[in-house]
Amino acid sequence: MKRLLAKALKNRFKMTEEDATALTKTIESIFNGKEEVEDMNIDKYARALLYELQREKLLNLRREEFKKEGKWIRKYYWSFNNNTIKEEAYRKHREEKYEIYEKIPKEAWLSHSHQ
């Protein structure tokens with residue numbers, strides 16, 4: 001999974017291979033070899049990273065509710081979204097020649113369409 005995650009990060013965020021590998025090591029240290037990690041055991045900086053990865057659908061967050069000593073308790077657990085990681089790792093890139101269109105502001109397209 002380590003190589004797939006690094007490739008997925010590289011593709012999704014357009015990172016260099018070195019940066020993607022370093023970020024993968026950070027994520028692996030958070031999970032510490034586990035499939036799932038409890039949110040309460042994560043510091044706020046790592047949590048911010050995990051939320052960003054969740055927005056990109058690379059991680060899942062599940063909630064568990066239970067009653068303890070008459071009070072409802074909520075616990076949150078992070079896990080890898082293996083399907084999305086695999087899809088992103090093997091995603092084919094578009095040809096470079098079309099990337100220029102992504103860099104042109106929407107306003108430029110609109111101003112030419114009204115002339």
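Student: How many salt bridges does the count come to? Please set out those that can be described individually, and then the helix and strands around which the fold can be read.

Tutor: This is a predicted model, in which local features need pLDDT of at least 70 and side-chain atom pairs count only at pLDDT 80 or more, while totals for chains, interfaces and linings use all residues. Residues are numbered from 1 along each chain as its sequence is written, and side-chain values use heavy atoms, with hydrogens and water left out.

The count comes to 11 salt bridges, a salt bridge being a side-chain nitrogen of Lys or Arg within 4 Å of a carboxyl oxygen of Asp or Glu. One of them joins R55 to E52, at 2.8 Å from N to O. These two residues are 3 apart in helix α3, which means that about one helical turn separates them. Here helices (H or I, at least four residues) and strands (E, at least two) are DSSP runs, numbered from the N terminus. R55 is exposed, at 53% relative accessibility, whereas E52 is partly exposed, at 30%; buried means under 20% relative accessible area, exposed over 50%, and partly exposed in between (1.4 Å probe, protein chains only).

E65 takes part in two of the salt bridges described here: with R63, where the closest N and O atoms are 2.9 Å apart, and with R74, at 3.5 Å. E65 is partly exposed, with a relative accessible area of 38%, and so is R63, with 47%. Elsewhere, a network of salt bridges links R12, E56, E88 and R91.

Next come the strands. β2 and strand β3 (residues 71–80) run antiparallel and are joined by 10 bridges; two strands pair if DSSP finds at least two bridges between them. Within this pairing, W78 in β3 is the bridge partner of L61. The 3 strands form an open antiparallel sheet in the order β1-β3-β2. Its edge strands, β1 (36–38) and β2 (59–68), each pair on one side only. From one strand to the next, the twist averages 30°.

Helix α2 (residues 17–31) lies across β1, β2 and β3, at about 145° to β3. Axes are lines fitted to C-alpha atoms, for helices over the stretch in contact (heavy atoms within 4.5 Å), and angles run from 0 to 180 degrees between N-to-C directions.

In α2, the buried residues are A20, L23, T24, I27, I30 and F31. They lie on the same side of α2 because they cover an arc of only 115° around the axis, the arc being that of the directions from the helix axis to the C-beta atoms. Their cover includes α1 (2–13), β1, α3 (44–55), β2 and β3. The face turned away from that buried side carries the exposed residues E18 and S29.

Positive phi values complete the picture. Just after α2, N32 has a positive phi of about 50°. K14, in the loop between α1 and α2, is not a glycine but has a positive phi of about 55°, and it counts as exposed at 62% relative accessibility. K57, in the loop between α3 and β2, has a phi near 70° and is exposed at 52%.
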